[in-house]
Amino acid sequence: MSTTTVDWVTGAACRGAHREAFYPPNSIERKEERCEREAVAKRICAGCAVQSECLELALRTHEIHGIWGGLNEDERRFVTRSN
Ligand code: SF4
């Protein structure tokens, strides 16, 4: 039996608190603010039990926004181009 997205999402460390760290705000975000926000998200991802599943989904679906699997959109594009 294969693992579905719903199965692994229940183990996501980003559920609930700190969701705002994973996506840019609707207002303008300075570079330093983006770096700080992404650092918070990446720390959460680093301790997430489903990081590999999350990153695989984001790469497979070409997710263009936010932090997924510990990588931001630029970092995911780099990974995609490198493969
Ligand atoms: S790797 Fe990060 S974005 Fe993905 S489910 Fe875990 S905490 Fe959330």
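Residues are numbered from 1 along each chain as its sequence is written. Because the model is predicted, local features need pLDDT of at least 70 and side-chain atom pairs count only at pLDDT 80 or more, while totals for chains, interfaces and linings use all residues, and side-chain values use heavy atoms, with hydrogens and water left out.

Let me start with the ligand. Its shell consists of A12, C14, F22, I44, C45, C48, Q51, C54, I67 and G69, where a residue is taken as near if one of its heavy atoms lies within 4 Å of the molecule. Of the residues in that shell, eight are nonpolar, two are polar and none is charged, on a scheme that counts Ala, Val, Leu, Ile, Met, Phe, Trp, Tyr, Cys and Pro as nonpolar, Asp, Glu, Lys and Arg as charged, and the others, Gly among them, as polar.

Turning to helix 2, its 16 residues reach 22 Å from the first C-alpha to the last, close to the 22 Å expected at 1.5 Å a residue, the expected span being 1.5 Å times one less than the number of residues. Its buried residues are R37, E38, A41, I44 and C45, and they lie on the same side of helix 2 because they cover an arc of only 110 degrees around the axis, the arc being that of the directions from the helix axis to the C-beta atoms. Buried means under 20% relative accessible area, exposed over 50%, and partly exposed in between, with a 1.4 Å probe and protein chains only. The face turned away from that buried side carries the exposed residues E36, R43 and A46.

In helix 3, the buried residues are C54, L55, L57 and A58, and these fall within an arc of 160 degrees seen down the axis, so they line one face of the helix. On the face turned away from the buried side of helix 3 we find the exposed residues S52 and R60.

Finally, the loop between helix 3 and helix 4 (73–82) contains H62, which has a positive phi of about 55 degrees although it is not a glycine. H62 counts as exposed at 57% relative accessibility, whereas E63, in that loop too, counts as partly exposed at 26%. The C-alpha atoms of E63 and R77, which are 14 residues apart along the chain, are separated by 9.5 Å.

Note on methods:
Helix = DSSP H or I, 4+ residues; strand = E, 2+ residues; numbered from the N terminus.
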